[in-house]
Amino acid sequence: MTDTKTERAANTRRADTYLSWQLRRPRRNRQSEALRSMVRETHLTAKDFILPLFVREGEGQRDAIDSMPDVFRLTPDLVLREAEKAFKMGIPAVILFAFVSPDKKDAKGSEAYRSDNVVNETVKLLKRELPELCVMVDIALDPYTDHGHDGVLCPKGRILNDPSCEVLGKMTLAAAEAGADFVAPSDMMDGRVGYLRRLLDSHNFQDVGILSYTVKYTSACYAPFRDALQSAPKIGDKKTYQMDPANVREALIEAKLDEDEGADMLMVKPAGLYLDVIAKMRQQTELPIAAFHVSGEYSMVKAAAQLGWIDGDRMMHEALLGIKRAGADIILSYAAPQIVPLLG
Ligand code: PBG
């Protein structure tokens, strides 16, 4: 700062004006990185993240996903490598999603509860090689059903709630038997958290936790994910089970229900477009809140960065920071391994 005589004189003159009598000057706390770092309210760390991983059958194979730059479908051996890299960075958890070939899909998603399906085999591998890593399994039928819905359909095309829960129950038990630490039901069926909790307890899996996709909106943001898993619904849409993006009171009802039914953590999804929902839920519940920065949110940042229109790393960091600032304790993010090394 140059403090010349003329400047000092000008400052003294200005001292008589109204402006100089401002007692509060918030900019004082922003003058240096030293000060800024002391007054910083929100910190992102490796421990905030759960890394979503796409698993496919085979060995040594890695498929690019056009609509998700820097994200891959991996065979179990490469999932292990990716999980190991993440765990070494301090990322404590991964969540697994299955890529299922069309010949293994059927109307009921029966591949979902086979004890040696690709996800369950990967769970076993991860728990054997990285026992300290928290391994979560996404519980829903859409990657496994030939119609692409998260549950069981009746002939008229409606998703049947309770029969769907029964299949999700079988899938949950298979994941628990494989050694999953947590299951994450993403189907939005009514009552499934309570059903899965009882089922797990009655099979001696009291320690397997439930991260419930409590508030999952019908969002355009899931398109790259459905691309990655080739899981887009073939008939209709998911509006009869995923929530209307216009609603927030309904989110608080879902949160109460999941809490009462025994969820260990609640999730809001997508994250960045629903910060108000995260903030309101934060006021209602004492449970940890997770937020899923979903595929479309990830890819929008990547696409704009590829065009040179924004700084991708800064944008991604800002998006994730905003989610934590809104009240999320945990963030599911495909960008975690890219962003964590940049955190101070
Ligand atoms: C499946 C599921 C979806 C996502 C997570 N679990 C897709 C959907 O509901 O259609 C989306 C995740 C993402 O977009 O990153 N039930």
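Q: How do the residues of the lining of the largest pocket divide into nonpolar, polar and charged?

A: Keep in mind from the outset that this is a predicted model. A lining is read by sorting its residues into classes, and here the lining of the largest pocket divides into 6 nonpolar, 4 polar and 5 charged residues. These belong to a set of 15 lining residues, of which Arg 40, Thr 42, His 43, His 317 and Leu 321 lie nearest the centre of the pocket. The space in the largest pocket comes to about 460 Å³.

Q: Which helix gives the most to the lining of the largest pocket?

A: Once the classes are known, the next step is to ask where the lining residues sit in the secondary structure. For the largest pocket, helix H11, which spans residues 312-326, gives the most, with 5 residues.

Q: How much space lies in the second largest pocket, and which residues are closest to its centre?

A: The second largest pocket holds about 330 Å³ of space, and among the 15 residues that line this pocket, Asp 70, Phe 72, Leu 74, Glu 82 and Lys 85 are the closest to its centre. Two or more lining residues come from each of strand S1 (49-55), strand S3 (72-74), helix H3 (76-89) and helix H12 (336-339), and H3 gives the most, with 4 residues. Sorted by class, the lining of the second largest pocket has 9 nonpolar, 1 polar and 5 charged residues.

Q: How many cavities of 30 Å³ or more are there?

A: A cavity differs from a pocket in that a probe fits inside a cavity but cannot get out, whereas a pocket is open. The count comes to 2 cavities of 30 Å³ or more, and the largest cavity contains about 120 Å³ of space. This largest cavity is lined by 16 residues, the closest to its centre being Asp 142, Lys 216, Tyr 222, Phe 225 and Lys 269, and the elements that give two or more residues to its lining are strand S9 (209-216) and helix H7 (223-229). By class, the lining of the largest cavity divides into 7 nonpolar, 3 polar and 6 charged residues.

Q: Which residues line the second largest cavity, and how do they divide by class?

A: The second largest cavity, with about 60 Å³ of space, has a lining that includes Leu 96, Phe 97, Val 119, Asp 138, Tyr 144 and Leu 229. By class, this lining has 10 nonpolar, no polar and 1 charged residues. At least two lining residues are supplied by each of strand S4 (93-98) and strand S5 (134-139), and S4 gives the most, with 3 residues.

Q: Is His 147 buried or exposed, and what does its side chain reach?

A: A residue is read by its place, its accessible area and its partners. His 147 is in the loop between S5 and strand S6 (152-153), and it counts as buried because its relative accessible area is 7%, where buried means under 20%. The His 147 side chain reaches the backbone oxygen of Ala 107 at 2.9 Å and the backbone nitrogen of His 149 at 3.1 Å. Leaving aside neighbours within four places in sequence, His 147 is in contact with residues including Leu 153, Ala 232 and Pro 233.

Technical notes:
Residues numbered from 1 in each chain as written. Predicted model: local features only at pLDDT ≥ 70, side-chain atom pairs only at ≥ 80, totals over all residues. Heavy atoms only, no water. 1 Å grid on protein atoms, 1.4 Å probe; cavity = no way out; pocket = protein on both sides within 12 Å on 5 of 7 lines; lining within 4 Å. Points joined across faces, edges and corners; volume = space filled by probe spheres on them. Nonpolar A, V, L, I, M, F, W, Y, C, P; charged D, E, K, R; others polar. Buried < 20%, exposed > 50% of the residue type's maximum accessible area, 1.4 Å probe, protein only. Polar contact = N/O pair within 3.5 Å; in protein donor to acceptor, adjacent residues only side chain to side chain. Contact = heavy atoms within 4.5 Å.
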